[in-house]
Amino acid sequence: METLEDLRAVCAALPHSRETFPFGGATLVFKVGSRMYALTDISSDVLNVSLKVRPERGEELRAEYPAITPGYHLNKRHWVSVKLGCGVPDELVRRLIEESYGLVVGGMTRAGRAD
């Protein structure tokens, strides 16, 4: 997964997922209901996506992959930034997106997911 189109396709396949730009035109935020589960700077030369993770999972990922770092401008315990196209397998990136989505949805009411 290297392109914005790839990222959009994976996120669009998740139920009730939507694209927003709450922080200006350069920061694309993927939300379910009113809560974000992924975000990226679409103006950057290298595409990074920030994703929610369980703290222990984030530690493991950062130890194994140099392209996974603490979440940029986010809670470093609960978010990671993944540099796409830089050594993180596509299947792992897809799984991390789905896990981030699942963490967010798991903390919501059913009505909140559709907001």
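Biologist: What share of the 115 residues of the protein counts as buried?
Modeller: The figure is 41% of the 115 residues. Keep in mind that this is a predicted model.

Biologist: Okay. How many helices and strands are there?
Modeller: The protein has four helices and six strands.

Biologist: In what order do the elements run from the N terminus on?
Modeller: The order is α-β-β-β-β-α-β-β-α-α.

Biologist: Now helix 3. How many residues does it have, and how far does it reach?
Modeller: Helix 3 covers residues 90–106, which is 17 residues. From first C-alpha to last it reaches 24 Å, close to the 24 Å expected at 1.5 Å a residue.

Biologist: And which residues in helix 3 are buried?
Modeller: Those are Leu92, Val93, Leu96, Ile97, Ser100, Tyr101, Val104 and Val105.

Biologist: Why do residues three or four places apart point the same way?
Modeller: Because an α-helix has 3.6 residues a turn.

Biologist: Back to the whole protein. What radius of gyration does it have, and what would a compact globule have?
Modeller: The protein has 13 Å, and with 115 residues a compact globule would have a value near 13 Å, so the two agree. The C-alpha atoms fill a box of roughly 40 × 30 × 25 Å along the principal axes.

Biologist: Last one: what is the accessible surface?
Modeller: It comes to about 6,200 Å², and 51% of that belongs to carbon and sulfur atoms.

Definitions and conventions:
Residues are numbered from 1 along each chain as its sequence is written. This is a predicted model: local features need pLDDT of at least 70, side-chain atom pairs count only at pLDDT 80 or more; totals for chains, interfaces and linings use all residues. Side-chain values use heavy atoms; hydrogens and water are left out. Helices (H or I, at least four residues) and strands (E, at least two) are DSSP runs, numbered from the N terminus. The expected span of a helix is 1.5 Å times one less than its number of residues. Buried means under 20% relative accessible area, exposed over 50%, partly exposed in between (1.4 Å probe, protein chains only). The radius of gyration is taken over C-alpha atoms; the globule rule is 2.2 Å times the number of residues to the power 0.38. Accessible areas come from the Shrake-Rupley method with a 1.4 Å probe; for residues, only the protein chains shown count as cover.
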